[in-house]
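Dear colleague,

I am passing on the structure below, together with some notes on what turned up when I went through it. Please read them beside the model.

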Amino acid sequence: MNRIKILDDAVAGRIAAGEVVTGPVAAVKELTENAIDARAGAVTVEIKDGGRTYIRVTDNGSGIHPDDVLLSVQKHATSKISGFEDMKSIASLGFRGEALSSIAAVSRLTIKTRLAGEMEGSILEEGPAGFRVKPAGLPDGTTVTVENLFYNVPARYKFLKSAQAESAAITDLLTRLVLSRPDISFKYITNGALQLMSPGTGDLMDAVLAVYGREIKTRLYPIRGAAGELSVFGFLSNPNYLFKSPKNQTILINKRYVHSKSITDALSRAYGDRILKAHYPFAVLDIRLPFSSVDVNVHPSKTTVMIKEESELLSLLDSAVRDALAGTSLPRFEITENKTDKNEELRQQKIVPPVRQAFSSPKPKFEFREQAVPAQFDTFAGRAWPSDEPEEKEEEQQRIAGMDELYDYRVLGQLFETYILVQSGDALYIIDQHAAHERINYEKLKKEETLLPQRLLFPYALKLSMADHDLLLQNAPRLSQLGFELEDFGGSTIKIASLPLKSDQSDIGELMEDVLEILKDTGAGDPTVLRDKIIRHACRISVKAGDRLSDPEMKELVLELVTSKTIPVCPHGRPVAIVLKRDELEKGFKRKV
């Protein structure tokens, strides 16, 4: 049997390093936070090959004392705390003394540093017998170079993601750090190309514009609130500027980027009915509270924290958000006129195809037969009224699976230029024309083996955050198989030359935002999942609510729907039709008691 034994320092060090340095982004995070803690005014981060083979972080901070350089790569060596009592009120980003020792255990590490006021600096590098330090003429500050990450841990190296995926993760990290410290000038370089640079003016808005571009400024509201030792400051998006995940929310607590579901949920509650369900506003929140009220020693990444006065903080946040949004209302359509740019010209070319062209299949023969039509409405106070019980309502909608069994139906007309009224037996079907057309188009596209590309008359230039820019380029080969043609247009801009055939080109920016959310959700998962979701979005070219249809067009749409034998919901989950029975009408008019 195997006996218990003490592991040697080299093996133990590599195991421990795996808990701190999970990948290139973790190494960049630790080194950049060290630079911030050193009171740097400028930080430059350079990576190559997604940080897998090369990372260099340079700062103009305080530097390391010559006598401490060799000590800095020892386990649990730190200048940020000295005893257990210091753990109760941590003001620095780092404090465990594990970063440099962990990185050194799994890479080729070099440190160049000079303490302000010293005549010369020090270079720490690895030699045959371990680390050694030699004097050298250097500028103030510190430069840490990490090469060949996990070269000596093959089991961990083979699980590194692609260079583009690792680069995208680092880009996202740097954007959060830029927002957390607008007083520091950050420069981020990937494979020799400048990707991001912040001015370091100390103004949070300047940092936001450096990350997201100047276009976002008109979409933001300032937020400010204080209660005792708690305060919140930052920016929120107007209710029209929403995303399908909270990934565009940056929550900072005492200048530390954190994840907090409770704060994200509080934001959504404060917006209330101003935002659509399952959508999230953009937000950058700078929250300050006593250091002793926050426990940051919860997770190795230090992005999960525990807050002592969380209920008071959430109450403050709620009132501050409501104050910031005072005077706003439900989401509204914004119409911009007199635009002459190429993207606007493309949007003006939106053409809705006639229904009869979309439904060109011949009328099939089918057998008429009677079928009981489910009731969708209950009566309330003598009127037809939807059921108040969600579970029953959902069950009833599922039972409207018999639209392919309509018999002897008659199309009555169009209501509000949105709904088609159909009588069948003792029931009135109210069909959502957009949902019905989407479902029909979705089923047609699913049967196509490939999604053909459609070149745009004018290529569309899409300005993105660096993280989203990298994510799209990383997935460009996958997207090309779905009809997208994407090219890097410099900076954080993507040029879109083609879209999937039949895609709605009226708002390409919104379509690509949806694509990005899909990529963030599916990652490098099953490509069929991505294809299915892209098809769902391609169905937006369908007949819209508000499109006036002729009698033949309505009849053609209903016939296609009745004979398609599809489920009675649109690709996005909304019901295609609801049913009102004759009995319910007669009860509503007191013809029956």
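**Surface patches**

Phe-416 sits in the loop that connects strand 20 (410-415) to strand 21 (419-424). Please keep in mind throughout that this is a predicted model. With a relative accessibility of 64%, Phe-416 counts as exposed, because the cut-off for that class is over 50%. Together with Leu-415 and Tyr-419, Phe-416 makes up a nonpolar patch on the surface, and the three residues have about 290 Å² of accessible area together.

**Helix 2**

Helix 2, which covers residues 24-37 and so has 14 residues, spans 20 Å from its first C-alpha to its last, close to the 20 Å expected at 1.5 Å a residue. The helix is mostly covered, with 12 of its 14 residues buried, and the buried residues include the charged Lys-29, Glu-30, Glu-33 and Asp-37 as well as Val-28, Leu-31 and Ile-36. After helix 2 comes Arg-39, which has a positive phi, near 60 degrees.

**Salt bridges**

Side chains of opposite charge can pair when their charged atoms come close. A search of the whole structure gives 18 salt bridges, of which a few are described here.

Arg-52 pairs with Asp-49, their closest N and O atoms being 2.9 Å apart; Arg-52 is buried at a relative accessible area of 19%, whereas Asp-49, at 25%, is partly exposed. In the salt bridge between Asp-183 and Arg-181, the N to O distance is 2.8 Å, and here Asp-183 is partly exposed at 36% relative accessibility, while Arg-181 is buried at 16%.

Glu-443 and Arg-439 meet in a salt bridge of 2.5 Å, N to O, and both residues are buried. They lie in helix 12 (residues 433-447), four residues apart, which is about one turn of the helix. Finally, a network of salt bridges links Glu-125, Arg-132 and Lys-134.

With best wishes

Technical notes: Residues are numbered from 1 along each chain as its sequence is written. This is a predicted model: local features need pLDDT of at least 70, side-chain atom pairs count only at pLDDT 80 or more; totals for chains, interfaces and linings use all residues. Side-chain values use heavy atoms; hydrogens and water are left out. Helices (H or I, at least four residues) and strands (E, at least two) are DSSP runs, numbered from the N terminus. The expected span of a helix is 1.5 Å times one less than its number of residues. Buried means under 20% relative accessible area, exposed over 50%, partly exposed in between (1.4 Å probe, protein chains only). Patches are made of residues with over 30% relative accessible area and no salt bridge: like charges are joined within 9 Å, nonpolar side chains (Val, Leu, Ile, Met, Phe, Trp, Tyr) within 5 Å. Accessible areas come from the Shrake-Rupley method with a 1.4 Å probe; for residues, only the protein chains shown count as cover. A salt bridge is a side-chain nitrogen of Lys or Arg within 4 Å of a carboxyl oxygen of Asp or Glu.
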